[in-house]
Amino acid sequence: MPVSYHLTTDSVLQSPQSCVVVALYDDGSLSPAAAQLDQASQGQLSQLVQAGRVKGKSGSTLYLPLVSGVNSSVLLLGAGSPGLSPAKFTGLAKSAIKELNERGISDAALFLAEVDVKGRGQAWRVRQLVEASEQALYVFDQLKSKKADAPSLSNLTLAVAVNEAQAASEALKQGMAVAQGVTLAKNLANLPGNICTPTYLSDTARQLADQYANLQVQVLDEDAMRQLGMHCLLSVGNGSDQPSQLITLEYKGAAETEQPYVFVGKGITFDTGGISLKPGEGMDEMKFDMGGAASVLGLMKTVSELQLPINVVGVVAAAENMPSGRATKPGDVVTTMSGQTVEILNTDAEGRLVLCDALTYVARFKPATVVDIATLTGACVIALGHHTTGLMANDQELANALLQAGEQANDRCWQLPLFDEYQEQLDSNFADIANIGGRPGGSITAACFLSRFTKEYRWAHLDIAGTAWVSGKQKGATGRCVPLLAQYLFDRI
């Protein structure tokens, strides 16, 4: 992590840091720390507000190198209206961190945990400040000949109230671990398909297992999967020179008798669409089609860093979807590990084909719950855009837990129906099930397909097609849903 994080209960007037960050609301009122500075400086901040030199518009900043009565420089940060939304607060934190870093400030104290966020306490704000800081400073330059300059900001102190110190300390640990998981997920997803292959993902899993004593890895090669009857998963990689793999990471933090929480990630390291070839424009972004796998590996990193007292299993179904003379053809019928047969009407609906065998496989762990994470359907992007992950489940209690975790982690999802009526769209004349159900309700019928392989346990599906990465000038992976999934596990302890 580029920044070292600390907590303090000192007042802003006692801060030894070279810069302190305090907030101003758009009605002209000052946060408690800013009010202390104002009093110590005999109204210097109030005078700036009254003169119109600074306004409280959210994300606006005014840097004051000298303030009377204070040893530190001051960054006055506009916070908008009191009672911020969680998303506004994280945006605020990113603005502050970017400003500090651009000014070359190496150590600073944030007095932002006192900012009024509707329905959220200081401990929540501490975790969000850490995660937002890491996001603001994240740079992917692994493949550039000239590396980016190291961040100027190296030490960050977060101020909290004395009575919040214990909860804030735990939140700080959680935030740092979640940020590490998000960073790993981003780094994996940002790598191009010629580097991040299924084998690269399995090597990453082995490196994690080497790092943590209670994390074990198993990788099934194509022969092993063939013996298990995973012909559906194998069909996706038929056209590729890269071998498909099923990667399992088992984290044991509790007694063997405790049921594990299982997470299954779609790991299509590059998706051309296969014989159902995608358009060339924007196809480079199909390196992100392993975003679900990246989030599972990132989650296992977070869990292992925190040494959570639970059992967790992460499974990655990894393959590359390419066209060739060996590739699966539209109309081919394959047999899944469950024994059900699938007519593959569109080879570009491949995520559900690798997931269905993985979902059958994980029943052997006798899971408490199973959650799969996948960049599964463009239809989910149309339905929910790029801010919200799609959620479908065969168990409402599990769905509610994920919805609540998403709200708490500021990594939100939204539930779509999984009614039996949608299943009829998957009828096939030649097999037990077709792999597509037409355009209407495309994200729902994709989940309906998966639901046929999850009848033995409580299961939920997260469609991150719209949230796993951003396009345009800021193109890159987001690391979602590591925060949501981590919070789900925190809530189980």
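Here is a short tour, stop by stop.

This is a predicted model, with local features needing pLDDT of at least 70, side-chain atom pairs counting only at pLDDT 80 or more, and totals for chains, interfaces and linings using all residues. Residues are numbered from 1 along each chain as its sequence is written, and side-chain values use heavy atoms, leaving out hydrogens and water.

**Stop 1: the annotated site**

Select Asp271, Asp348 and Glu350, which an unreviewed UniProt entry annotates as "binding site". UniProt positions are in the numbering used here, feature names are shortened, and annotations may be inferred rather than shown by experiment. Why do these residues count as gathered at one spot? They span 80 residues in sequence, but no two of their C-alpha atoms are more than 8.6 Å apart, so they come together in one place.

Zoom in on Asp271, found in strand S9 (residues 261–271). Helices (H or I, at least four residues) and strands (E, at least two) are DSSP runs, numbered from the N terminus. Asp271 is buried, at 2% relative accessibility; buried means under 20% relative accessible area, exposed over 50%, and partly exposed in between, with a 1.4 Å probe and protein chains only. Beyond its neighbours within four places in sequence, Asp271 has contacts (heavy atoms within 4.5 Å) that include Lys278, Asn321, Asp348 and Glu350. Also show the backbone nitrogen of Gly273, which lies 2.9 Å from a polar atom of the Asp271 side chain.

Now hop to Asp348, in the loop between strand S12 (341–344) and helix H10 (351–361). Asp348 is partly exposed at 25% relative accessibility. Leaving aside neighbours within four places in sequence, its contacts are Asp271, Gly273, Ser276, Lys278 and Asn321. Colour residues 346–353 as well: the unreviewed UniProt entry labels them "domain: Cytosol aminopeptidase".

**Stop 2: the second largest pocket**

On a 1 Å grid over the protein atoms alone, a pocket is an open set of points with protein on both sides within 12 Å along at least five of seven lines, and lining residues have an atom within 4 Å of a point. This pocket holds about 910 Å³ of space, where the volume is the space filled by probe spheres (1.4 Å) set on the points, joined across faces, edges and corners. Of the 34 lining residues, Asp348, Leu376, Thr377, Gly378 and Ala379 are closest to its centre. Helix H11 (378–384) is among the elements supplying at least two lining residues, and H11 gives the largest share, 4 residues.

**Stop 3: the largest pocket**

Next, select Lys94, Gln135, Lys186, Val470 and Thr478, which lie nearest the centre of the largest pocket among its 37 lining residues. Its volume is about 1,300 Å³. H4 contributes the largest share of the lining, 5 residues.

**Stop 4**

Most residues other than glycine have a negative phi, and most peptide bonds are trans. Pick Arg480 and Cys481: a cis peptide bond joins them, with omega about 10°. Cys481 sits in the loop between S19 and helix H14 (482–490).

Then select Gln42, a non-glycine with a positive phi of about 55°. Gln42 is in the loop between helix H1 (32–40) and helix H2 (44–50), and is exposed at 71% relative accessible area.

Last, Asn410 has a positive phi near 60°. Asn410 lies in the loop between helix H12 (396–409) and strand S15 (413–415) and is partly exposed at 24% relative accessibility.

Key. Polar contact = N/O pair within 3.5 Å; in protein donor to acceptor, adjacent residues only side chain to side chain.
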